[in-house]
Amino acid sequence: VHPRRVTKSALRIIRKYHGKRFIIHYLQPHYPYLSLAARGIGPKLRKGEIWWVKQKRNLWDRVKGFIRWRLVDLFGYEIGRKLAIKLVGYPTPSIPSCVELVAREVGIEGLRKAYEDNLRIVLSYVERLVRNLRGKIVITADHGEFLGERGMYEHPTWVRVPELIEVPWLEVER
């Protein structure tokens with residue numbers, strides 16, 4: 001959903017339910033990258049196709065992924081990763097994500113530029129939204145994202161590193 005639509009809908013709901021608290025979630029700066037899509041660049045998905053549906057993972061792969069994530073979560077990245085490799089083996093190579101496919105098409109710097117473009121676009125709409133709000137406003141994110149760092153993309157659930165788990169937090173009083 002384009003941030004323009006999110007902001008428009010949020011403002012309509014805020015006016016309707018004046019005095020209530022809201023959580024307004026923008027998809028960006030995640031994929032799809034708006035500046036690239038406008039130029040026809042990026043993985044082509046058929047209408048209605050959801051990327052994760054294509055990543056067919058059996059139950060055992062999902063259990064192993066959960067075990068990896070819990071071990072890293074409990075023991076930290078270095079020790080948890082080593083334990084996970086001993087217990088359930090290395091993660092199996094998976095289908096490349098849309099973000100990785102974008103990096104292959106436009107390069108790591110092109111990917112990072114597209115991510116930054118998305119961030120700038122969404123922040124311009126967040127700014128419009130904030131101008132119409134009163135009271136305490138918190139602007140944050142749900143997680144970080146790899147853009148080729150450590151050879152990874154997006155936010156693998158079994159990796160617990162500062163880049164993915166430390167999120168920004170900005171409080172505004174209006």
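Reader: Which element gives the largest share of the lining of the largest pocket?
Author: Helix 6 gives the largest share, with seven residues. Before we go on: this is a predicted model, where local features need pLDDT of at least 70, side-chain atom pairs count only at pLDDT 80 or more, and totals for chains, interfaces and linings use all residues. Residues are numbered from 1 along each chain as its sequence is written, and side-chain values use heavy atoms, with hydrogens and water left out.

Reader: OK, what counts as a pocket, and what's lining?
Author: On a 1 Å grid over the protein atoms alone, a pocket is an open set of points where a 1.4 Å probe fits, with protein on both sides within 12 Å along at least five of seven lines; a lining residue has an atom within 4 Å of a point.

Reader: How much space lies in the largest pocket?
Author: About 1,300 Å³. That volume is the space filled by probe spheres set on the grid points, which are joined across faces, edges and corners.

Reader: And which residues are closest to its centre?
Author: I24, I137, V138, I139 and T140, out of 39 residues that line the largest pocket. Helix 1 (3–16), helix 6 (98–131) and strand 1 (136–140) are the elements that give two or more residues to that lining.

Reader: How do you decide what's a helix or a strand?
Author: They are DSSP runs numbered from the N terminus: helices are H or I with at least four residues, strands are E with at least two.

Reader: How do the lining residues divide into nonpolar, polar and charged?
Author: There are 23 nonpolar, nine polar and seven charged. Here Ala, Val, Leu, Ile, Met, Phe, Trp, Tyr, Cys and Pro count as nonpolar, Asp, Glu, Lys and Arg as charged, and the others, Gly among them, as polar.

Reader: Zooming out, how many helices and strands does the chain have?
Author: Seven helices and four strands, in the order α-α-α-α-α-α-β-β-β-α-β along the sequence. Of the chain's 174 residues, 30% count as buried (under 20% relative accessible area; exposed is over 50%, partly exposed in between, with a 1.4 Å probe and protein chains only).

Reader: Is I67 itself buried, exposed or partly exposed?
Author: Partly exposed, at 27% relative accessible area.

Reader: And which residues of helix 5 are buried?
Author: Y77, G80, A84 and V88. They cover an arc of only 75 degrees around the axis, so they sit on the same side of helix 5. On the other side of helix 5, I79, K82 and K86 are exposed.

Reader: New topic: which peptide bonds are cis?
Author: One runs from Q28 to P29, with omega near 20 degrees. Another joins Y31 and P32, with omega about 10 degrees. P29 lies in the loop between helix 1 and helix 2 (34–37), and P32 is in the loop between helix 1 and helix 2 as well.

Reader: Last one: where is G144 found?
Author: G144 is in the loop between strand 1 and strand 2 (146–147). G144 is buried, with a relative accessible area of 12%. Leaving aside neighbours within four places in sequence, G144 is in contact with H155, E163 and L164.

Note on methods
Contact means heavy atoms within 4.5 Å. The arc is that of the directions from the helix axis to the C-beta atoms.
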